[in-house]
Amino acid sequence: MYSFMGGGLFCAGVGNILLIVSTATDYWMQYRHSSSYMHQGLWRYCVPGKCMAHTDSIAYWDATRAFMILSLLACFIGIVIGIMAFIHYSSFDGFDKTFAAGILFFISCFFVLLAMAVYTGVTVNYYGKRYGNWRFSWSYIMGWVAVVLTFFSGIFFMCAYRMHECPRNSNSR
């Protein structure tokens with residue numbers, strides 16, 4: 001049980017760091033425009049020599065930002081509850097902390113998956129037709145890696161929950 005929770009906390013910790021870096025950095029996409037390379041993130045776009053904030057409130061950027069922030073919050077709260085379950089913190093005995101942490105990691109995975117799907121769909125349809133020389137960059141890739149890590153965090157915590165629940169259920173018979 002503890003090895004599953006430890007693995008889940010490790011995946012969640014790394015996933016949360018990747019979510020923070022992915023959300024905060026400006027390398028979601030790179031493209032060539034007027035013989036120079038530019039890159040953009042969720043908050044700013046950069047041309048050679050300077051970066052500027054996105055001034056337009058474009059729906060897909062807003063949706064991607066909101067889903068990434070919700071994913072960060074769910075993952076962070078899941079980590080806190082997962083640590084409480086790991087050290088057998090006695091407060092909040094009314095609910096199973098292992099199960100709650102697993103659900104929060106799945107919720108985090110769902111939100112980051114939504115963010116990545118929205119960004120991917122709009123970017124491919126818009127920039128794919130407008131610019132010939134563009135690509136997704138490392139901030140974007142970190143977001144997809146965070147999807148996998150938060151998913152496995154949820155799997156690990158659900159396995160720990162099942163291992164913890166099975167002996168309890170067999171004793172009641």
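**Reading a predicted chain, feature by feature**

Q: Why does Ile69 count as partly exposed?
A: Because Ile69 has a relative accessibility of 36%. The labels work like this: buried is under 20% relative accessible area, exposed is over 50%, and partly exposed is in between, using a 1.4 Å probe and protein chains only. Before we go on, this is a predicted model, where local features need pLDDT of at least 70, side-chain atom pairs count only at pLDDT 80 or more, and totals for chains, interfaces and linings use all residues. Residues are numbered from 1 along each chain as its sequence is written, and side-chain values use heavy atoms, with hydrogens and water left out.

Q: Which helix holds Ile69?
A: Look at helix H2, residues 59-86. Helices (H or I, at least four residues) and strands (E, at least two) are DSSP runs, numbered from the N terminus.

Q: Which residues form the nonpolar patch on the surface?
A: A patch takes residues with over 30% relative accessible area and no salt bridge; nonpolar side chains (Val, Leu, Ile, Met, Phe, Trp, Tyr) are joined within 5 Å, and like charges within 9 Å. Here the patch is made of Trp43, Ile69, Leu70, Leu73, Phe76, Ile77 and Val80. Together they have about 610 Å² of accessible area, worked out by the Shrake-Rupley method with a 1.4 Å probe, where only the protein chains shown count as cover for residues.

Q: Where does UniProt list "transmembrane region"?
A: The unreviewed UniProt entry lists residues 7-29, 66-87, 99-121 and 141-163. Positions are in the numbering used here, feature names are shortened, and annotations may be inferred rather than shown by experiment. You can check what the model does there: over residues 99-121 the chain is 100% helix and 0% strand, with its end C-alpha atoms 33 Å apart. Residues 141-163 are also 100% helix and 0% strand, and there the end C-alpha atoms are 33 Å apart.

Q: How many salt bridges are there?
A: Start with the idea: side chains of opposite charge can pair when their charged atoms come close. The rule asks for a side-chain nitrogen of Lys or Arg within 4 Å of a carboxyl oxygen of Asp or Glu. That gives two salt bridges here. One joins Asp26 and Arg44, whose closest N and O atoms are 2.4 Å apart. Asp26 sits in the loop between helix H1 (2-24) and strand S1 (29-33), and Arg44 in strand S3 (residues 44-47), so this pair ties together parts 18 residues apart in sequence. Asp26 counts as buried at 7% relative accessibility, while Arg44 is partly exposed at 36%.

Q: And where do Arg65 and Asp62 lie?
A: Both are in helix H2, three residues apart, which is about one turn of the helix. Arg65 is buried, with a relative accessible area of 12%, and Asp62 is partly exposed, with 28%.

Q: Which residues lie nearest the centre of the largest pocket?
A: Picture a 1 Å grid over the protein atoms alone: a pocket is an open set of points with protein on both sides within 12 Å along at least five of seven lines, where lining residues have an atom within 4 Å of a point, whereas a cavity is a set of points where a 1.4 Å probe fits but cannot get out. In this model, 13 residues line the largest pocket, and Gln40, Asp56, Ile58, Trp61 and Tyr127 lie nearest its centre. Its volume is about 260 Å³, meaning the space filled by probe spheres set on the points, which are joined across faces, edges and corners. H2 and helix H3 (97-130) each supply at least two lining residues, and H3 gives the largest share, three residues.

Q: How do I compare distance along the chain with distance in space?
A: Pick two residues and look at their C-alpha atoms. Val147, in helix H4 (residues 138-171), is 128 residues from Leu19 along the chain, yet their C-alpha atoms are separated by 8.9 Å. Val147 is buried, at 9%. Now try Ala115, which lies in helix H3: Ala115 and His164 are 49 residues apart in sequence and 33 Å apart in space, C-alpha to C-alpha. Ala115 is buried, with a relative accessible area of 0%.

Q: Where is Ser137?
A: Ser137 is in the loop between strand S5 and H4. Ser137 is buried, at 5%, and its C-alpha atom is 9.7 Å from that of Tyr31, 106 residues away along the chain.
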